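Here's a quick briefing to read alongside the model. Have the viewer open and follow along.

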Amino acid sequence: MVEKKVTWLELFYDLLFVAAVSKANHVLLHVDHGSISIEYLTKFVLIFIPIWWAWVGQTLFNNRFGQDIVTHRIFMFLQLFFVLIMTASLSVNFDHFYIPFFVGYIGSRALTAIQYLTVHKATGTHQQKTAQYLGTRFWIGILISSCSLFFDSWIRYAILYAGIAVDILLPLLGRRYLVKTPIHTHHLLERFALFTLILLGESVISILAVLQSSDWTLPSILFASFTCIFVIAMWWQYFDHIERKVSKEIQTAGQTIIYGHLFIYLSMSTIAASIQLLFKEQLNYPFMLGFIFGSVLLYFISTSLVFHRYRQERLRLKHNHLGILLGIIGCFIALDLIIHVPNYAIIGEIMVFFIVYAKLTT
């Protein structure tokens, strides 16, 4: 396949998603009686998924069919306009901002569907079928979500997200078309890595919040230092792994990368929120342990599964490596449940885990 590179316009497009991700993550900072309620955890997921899917939709079109030509640039600029509307309307108070959110998200998805329809006649046979399938089937999810405008209360949201769910599932159902038009693996991995940087940026913002709110005592200095080291180790593990250990010659539909990264991104968001919540000690101790170690465990499982197929076979994680890493998490959780440890010690344990994870995978 012809090598495909990330364009400057794609990088510009990502800028708006920095703000969108930040607004979604802010939902996790709503603490009530020492815990994050199911309501806010659900709202976070419901806000994050449309952000992720809107970004994925345009990214995959660019990966398979995108060209740096005037027509495609105009479509990207229109996408930016709708993403801006969607981002501005993101709020825990869905009712007041429903219409602008709907316009932003549906406008973005409709433009992506139109882009597929505009290119399907100008491509090869297999590419035609792929573009036609995606360009026509995506309208199913769009139409289902559009029906939400005729309802009120919870029914509105049920219909909206039913359409989004259908939209997300359609590429999986049409895999037989997509495998015949494989993704540019190098380009796709690079794009998802760039979005990963946005999520790492949220952890950096959390470190800054810790430094700004601390009195520079020894515990706060230790907390900030350990956090910096574990964020660096997380960066090292992900990017050194993706640069050196993953085969970029494999040609697939890329669905493991696409859908697996949703869980990687969700875990990175909750890890970023955990940093601030742990430092400020706003959560009760058992909930805090479950929240932060659950986030780390989700990140570990997601990254292990996503990259397993793409790793060179001789470099894949062995069962003993998985056992070591799971054992480290298990020992830390057991220790912290037996002994009430300070926040900087918990973040130190997370730091140790990510250092070991980076060492074993890179």
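This is a predicted model: local features need pLDDT of at least 70, side-chain atom pairs count only at pLDDT 80 or more; totals for chains, interfaces and linings use all residues.

Residues are numbered from 1 along each chain as its sequence is written, and side-chain values use heavy atoms, with hydrogens and water left out.

**Aromatic contacts**

- Searching the whole structure turns up 31 aromatic pairs (Phe, Tyr and six-membered Trp rings with centres within 6.5 Å; planes under 30 degrees apart are stacked, over 60 edge-to-face, the rest tilted).
- Take Trp52 and Tyr259: their ring centres sit 6.1 Å apart with planes at 65°, so this pair is edge-to-face.
- Trp52 is in helix α2 (residues 38–64) and Tyr259 in helix α10 (residues 255–280), so the pair ties together parts 207 residues apart in sequence (helices are DSSP runs of H or I, at least four residues, numbered from the N terminus).
- Trp52 counts as buried because its relative accessibility is 1%, and Tyr259 counts as buried at 15% (buried means under 20% relative accessible area, with a 1.4 Å probe and protein chains only).
- Phe353 and Phe354 also pair edge-to-face, at 5.4 Å centre to centre and 80° between the planes, and both are buried.
- One aromatic cluster is made up of Tyr13, Phe17, Trp55, Phe192, Phe195 and Tyr265.

**Surface charge**

- Lys129, Arg137, Arg176 and Lys180 form a positive surface patch (residues with over 30% relative accessible area and no salt bridge, like charges joined within 9 Å; a salt bridge is a Lys or Arg side-chain nitrogen within 4 Å of an Asp or Glu carboxyl oxygen).
- Lys180 is in the loop between α7 (175–178) and α8 (185–213).

Key: Patches are made of residues with over 30% relative accessible area and no salt bridge: like charges are joined within 9 Å, nonpolar side chains (Val, Leu, Ile, Met, Phe, Trp, Tyr) within 5 Å. Accessible areas come from the Shrake-Rupley method with a 1.4 Å probe; for residues, only the protein chains shown count as cover. Lys and Arg count as positive and Asp and Glu as negative; His and the chain ends are not counted. The place of a charge is taken as NZ of Lys, CZ of Arg, CG of Asp or CD of Glu. Helices (H or I, at least four residues) and strands (E, at least two) are DSSP runs, numbered from the N terminus. Buried means under 20% relative accessible area, exposed over 50%, partly exposed in between (1.4 Å probe, protein chains only).
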